[in-house]
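Biologist: I've got this one open on my screen. Please walk me through it, one topic at a time.

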Amino acid sequence: MITTVLPASERTATPWKNGGGVTREIAAWPPGSGLDDFDWRVSMAEVREPGAFSLFPGVERCLTVIEGGLRLTFGGGHAVSLNARSEPSIFPGDRACHGLPVGGPVVDLNVMVRRGHFRSQVERLSNARWRPIGDVALLIALEPLSVIEETRSDHRTTLGALDGLICAFAPAPPTLQVGGRALGVSISAL
């Protein structure tokens with residue numbers, strides 16, 4: 001397993017595609033890709049005001065609230081409320097969506113994959129054994145924690161709050177011991 005720590009302190013804030021907020025990219029493929037040509041992208045956003053989400057044609061989105069509460073209203077009136085305990089919300093990136101922070105600012109994790117080429121899965125973890133599925137996995141620490149690969153108990157990685165750990169596997173993903181609260185993101189090529 002090849003791992004790289006992605007410190008939260010090194011993420012650069014960039015304007016949303018529609019100009020209505022700020023996002024911080026955690027990882028994307030291929031390296032150096034922009035908002036219109038990524039195969040997959042994982043980012044964190046701060047939502048402070050209500051507004052329309054940027055449209056991403058041909059992309060599937062998976063949004064997970066880390067802090068606060070967020071109400072998503074989709075074209076046609078369907079709405080869903082999310083908070084820091086909710087399951088992730090999966091929706092097409094080319095579907096009109098309006099976000100309304102509930103009770104204050106929101107921090108969310110946004111995983112986007114190119115439809116028909118990749119798929120993603122996000123899991124909430126808490127002091128858990130985690131076996132990622134797929135080709136690449138990211139672990140986003142929601143608090144300071146340690147990660148140990150079960151087959152190499154002598155290899156421990158320590159993460160601060162909101163730091164990430166990206167893992168590439170060959171030939172198969174190992175089981176990881178996650179010593180705290182985190183989000184586990186698995187990305188698979190189709």
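Biologist: What volume does the largest cavity have?

Modeller: The largest cavity has a volume of about 210 Å³. A cavity here is a set of points on a 1 Å grid over the protein atoms alone where a 1.4 Å probe fits but cannot get out, and the volume is the space filled by probe spheres on those points, joined across faces, edges and corners. This is a predicted model, where local features need pLDDT of at least 70 and side-chain atom pairs pLDDT 80 or more, while totals for chains, interfaces and linings use all residues. Residues are numbered from 1 along each chain as its sequence is written, and side-chain values use heavy atoms, without hydrogens or water.

Biologist: How many cavities of 30 Å³ or more does the count come to?

Modeller: Two cavities reach that cut-off of 30 Å³ or more.

Biologist: Back to the largest cavity: which residues are closest to its centre?

Modeller: Trp 16, Thr 23, Ala 45, Arg 61 and Asn 110, out of 19 lining residues (an atom within 4 Å of a point).

Biologist: And which strand gives the most to that lining?

Modeller: S4 does, with five residues. S4, S6 and strand S9 (97-114) each supply at least two. Strands are DSSP E runs of at least two residues, numbered from the N terminus.

Biologist: Let's stay with S4 for a bit. Is Arg 41 buried or exposed?

Modeller: Arg 41, which is in strand S4 (residues 40-47), counts as buried at 5% relative accessibility (buried is under 20%, exposed over 50%, partly exposed in between, 1.4 Å probe, protein chains only).

Biologist: What does the side chain of Arg 41 make a polar contact with?

Modeller: The side chain of Ser 43, at 3.2 Å (N or O atoms within 3.5 Å, one able to donate a hydrogen and the other to accept it; residues adjacent in sequence count only through side-chain atoms). Leaving out residues up to four places away in sequence, Arg 41 also touches Thr 23, Glu 25, Ala 27, Ala 28, Leu 35, Asn 110, Val 111 and Met 112 (heavy atoms within 4.5 Å).

Biologist: New topic, rings. How many aromatic pairs does a search of the whole structure find?

Modeller: Three aromatic pairs turn up (ring centres within 6.5 Å, using the six-membered ring for Trp; planes under 30 degrees apart are stacked, over 60 edge-to-face, the rest tilted). In one of them, Phe 53 and Phe 91 have their centres 6.3 Å apart and their planes at 55°, so that pair is tilted.

Biologist: Now the backbone. Which peptide bond is cis?

Modeller: The one from Trp 29 to Pro 30, with omega near -5°. Pro 30 lies in the loop between strand S3 (22-29) and S4.

Biologist: What is phi at Asn 127?

Modeller: Positive, about 45°, although Asn 127 is not a glycine. Asn 127 is in strand S10 (residues 118-130) and counts as exposed at 60%. Leu 162 has a positive phi too, about 70°, and its place is the loop between strand S13 (156-159) and strand S14 (164-168). Leu 162 is partly exposed at 23%.

Technical notes
Helix = DSSP H or I, 4+ residues; strand = E, 2+ residues; numbered from the N terminus. 1 Å grid on protein atoms, 1.4 Å probe; cavity = no way out; pocket = protein on both sides within 12 Å on 5 of 7 lines; lining within 4 Å.
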